[in-house]
Amino acid sequence: MSKQYNSALQAKVRQYIKETGLSQAKVAPMLGMSGTLLSQYLSSKYPGDVAAQEQKLEEFFRAQVEKVSNAQKAMQFQPVKGYIPISVSEDVYKMIRYAQIEKGMVVIHGDAGIGKSKAAHKFEADNPTATVYIQTSPATGTLREVLRSLARELKLADNLRTGDLTRAVRAKLAEGRKVVIIDEAQHLNYKALEELTRWPDPERHTGEAEIALVLMGNTEVYSRMRGRQEAAFACQFNRMRLPKCYHTTDIQREDVEKLFPFLGDQGLTRETEFLLGICRSKWGVRGAVNVYNNAVNNEDISYNGLYSMARIMGIGLV
């Protein structure tokens with residue numbers, strides 16, 4: 001006895017693949033399937049429980065319909081998406097450009113959630129062939145892990161000995177005269193900093209620097225390089241071309257108006273001031289954006305709606 005297939009559901013899956021513009025293999029995990037399973041299902045040759053797979057697909061498409069409906073409702077409130085050119089982000093972008101042009105080391109540090117990483121991502125998107133961006137963590141802040149991350153970005157083998165890996169990465173970076181951006185740089189340990197901060201030094205034969213380095217993170221990385229924790233870090237500080245510190249208090253009302261233009265269009269002054277207060281608090285721009293977007297999803301961006309959402313999220317201020 002042949003198995004029963006929902007032909008309308010099969011057609012819906014094919015249409016979804018067409019609309020996404022992705023390959024069948026890439027769409028399969030989005031549907032909770034393997035590429036082979038999806039291929040078998042669409043050709044009506046799946047040997048397993050067809051009904052169970054079709055139930056999974058029905059649930060996926062119901063969720064998609066709800067997602068589209070919510071997005072349409074939210075669109076009128078203009079939720080924050082992508083890169084917004086606020087003052088801090090734009091200045092960070094210029095700092096990265098300065099490092100790229102001057103081939104020096106720039107340290108960008110300060111409060112979290114105010115647009116530093118957004119600026120780095122924007123710079124990388126605008127300059128993909130000249131930029132190498134990585135982000136470190138407590139588990140990946142060692143010299144070897146940083147070198148391996150850079151090697152993968154540069155399409156190099158990452159399993160060489162540390163010395164060989166260092167030489168290979170440096171040669172590739174110098175060859176392309178790239179700017180290296182290391183985000184969350186406060187997680188770099190001493191050996192990693194000691195090695196990396198030497199890379200923007202002038203080449204001994206030509207007298208010109210070939211690699212630009214941008215270290216981004218909280219102020220801990222800058223404090224360490226000033227030698228406050230360990231005298232050995234002082235030599236790294238001397239190699240710094242330009243440091244720049246940013247705080248949540250640097251956020252201006254004009255920035256909030258760029259982030260949430262709908263509020264200005266509707267003359268919602270009190271709501272704008274409330275979000276400005278969040279931006280200038282320890283929660284930063286990221287906190288304000290999360291409050292606003294959550295309020296948008298709740299279809300209430302009034303002052304009371306924003307205030308209630310901030311309270312739900314544990315943001316106690318104003």
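I counted rings of Phe, Tyr and Trp (its six-membered ring) as a pair if their centres lie within 6.5 Å; planes under 30 degrees apart are stacked, over 60 edge-to-face, the rest tilted. The model is predicted, so I kept to its limits: local features need pLDDT of at least 70, side-chain atom pairs count only at pLDDT 80 or more, and totals for chains, interfaces and linings use all residues. Residues are numbered from 1 along each chain as its sequence is written, and side-chain values use heavy atoms, with hydrogens and water left out.

**Aromatic pairs.** My search of the whole structure gave nine aromatic pairs. One of them is Tyr-16 with Phe-60, edge-to-face at 5.4 Å centre to centre and 80 degrees between the planes. This pair links distant parts of the chain, 44 residues apart: Tyr-16 sits in helix H1 (residues 7–20) and Phe-60 in helix H4 (residues 50–75). I took helices (H or I, at least four residues) and strands (E, at least two) as DSSP runs, numbered from the N terminus. Tyr-16 is buried at 13% relative accessible area, and Phe-60 is buried at 15%. My cut-offs here: buried is under 20% relative accessible area, exposed over 50%, partly exposed in between (1.4 Å probe, protein chains only).

Next I checked Phe-274 and Tyr-307. Their ring centres are 6.1 Å apart and their planes at 55 degrees, so I log the pair as tilted. Phe-274 is in helix H14 (residues 269–279) and Tyr-307 in helix H16 (residues 303–312), so the pair ties together parts 33 residues apart in sequence. Phe-274 is buried at 2%, while Tyr-307 is partly exposed at 28%.

**Nonpolar cores.** I defined a core as buried Ala, Val, Leu, Ile, Met, Phe, Trp, Tyr and Cys residues joined through side-chain atoms within 4.5 Å. The largest has 46 residues; Ile-96, Phe-260 and Tyr-292 are among those with the most contacts inside it. Helix H15 (residues 284–297) gives the most to this core, seven residues. A second, separate core has 27 residues, including Leu-165 and Ile-182.

**Helix H15.** I compared its length with expectation (1.5 Å times one less than the number of residues). The 14 residues of H15 should span 20 Å, and the end C-alpha atoms are 20 Å apart, which agrees. Because 10 of the 14 residues are buried, H15 is largely enclosed by the rest of the structure. Just after H15, Glu-299 takes a positive phi of about 60 degrees.

**Thr-136 and Glu-184.** I found Thr-136 in the loop between strand S2 (131–135) and helix H7 (143–153). Thr-136 is buried at 4% relative accessibility. Its side chain reaches the backbone oxygen of Glu-184 at 2.6 Å. Glu-184 lies in the loop between strand S3 (179–183) and helix H9 (190–196). I note a positive phi near 55 degrees for Glu-184, which is partly exposed at 26%.

**Lys-155.** Most residues other than glycine have a negative phi. Lys-155 is in the loop between H7 and helix H8 (162–176), and it is exposed at 73%.

Terms used: Polar contact = N/O pair within 3.5 Å; in protein donor to acceptor, adjacent residues only side chain to side chain.
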